[in-house]
Amino acid sequence: MEWFIKVLHQYADFKGRARRKEFWMFGLFYILFACCAAFADKLMDTEEYYLDDMLVDGVFSSIYALALFIPCLAVSVRRLHDTGKSGWMILVGIIPFVGWLWLLVLYCENSQRGNNAYGPNPKGEWIPQERPENPEYRP
């Protein structure tokens, strides 16, 4: 739950990096709360309604999705930054099937070790730039 709240605190922060754990835990709680919103729509009988001849999902589900659209986008961009990719790579998702599959691969990819152009590694890993003189040293 702390990862979900952390993402909400960084509501529209598209700078920096997000670990895999942060991204996937946010996704898990997003889905759980979306199911709760859908259940609330079912209980209140607001599952589907028409707005100017357009079929819309439930009231609670729609409000929830709109409220969390920017945080979802922000954490996705930060996750791409963590792998060393530009946040604009999220537009690859526009390509049918292949785009979403490629984004899934990028979201599952391990963090880029050390610092990158988007900031320090959120895992706190530090990689020495040079080997020390001591031959017994093993990183």
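Colleague: What makes up the secondary structure of the protein?

Modeller: The protein has five helices and two strands, where helices are DSSP runs of H or I with at least four residues and strands are E runs of at least two, numbered from the N terminus. Along the sequence these follow the pattern α-α-β-β-α-α-α. This is a predicted model, in which local features need pLDDT of at least 70 and side-chain atom pairs count only at pLDDT 80 or more, while totals for chains, interfaces and linings use all residues. Residues are numbered from 1 along each chain as its sequence is written, and side-chain values use heavy atoms, with hydrogens and water left out.

Colleague: Why is L104 called partly exposed?

Modeller: L104, which is found in helix α5, has 39% relative accessibility and therefore counts as partly exposed, given that buried means under 20% relative accessible area, exposed over 50% and partly exposed in between (1.4 Å probe, protein chains only). In the protein, buried residues make up 27% of the 139 residues.

Colleague: How do you know that the buried residues of α1 line one face of the helix?

Modeller: In helix α1 (residues 2-9) the buried residues are W3, F4 and V7. Seen down the axis of α1, they fall within an arc of 105°, so they line one face of the helix; the arc is that of the directions from the helix axis to the C-beta atoms. The face of α1 turned away from this buried side carries the exposed residues E2 and H9, and the cover over the buried residues of α1 includes α2 (20-43), α3 (59-67) and α4 (69-82).

Colleague: Which residues touch the most other members of the largest nonpolar core?

Modeller: Of its 14 residues, these are F4, F26, Y64, V75, L80, L103 and Y107. The elements giving two or more residues to this core are α1, α2, α4 and α5, and the largest share, four residues, comes from α2. A nonpolar core is a set of buried Ala, Val, Leu, Ile, Met, Phe, Trp, Tyr and Cys residues joined through side-chain atoms within 4.5 Å.

Colleague: What does L103 touch, not counting residues up to four places away in sequence?

Modeller: L103 touches L80, M89, I90 and G93 on that count, contact meaning heavy atoms within 4.5 Å. Among contacts in the protein between residues at least 6 apart in sequence, 61% join residues at least 24 apart.
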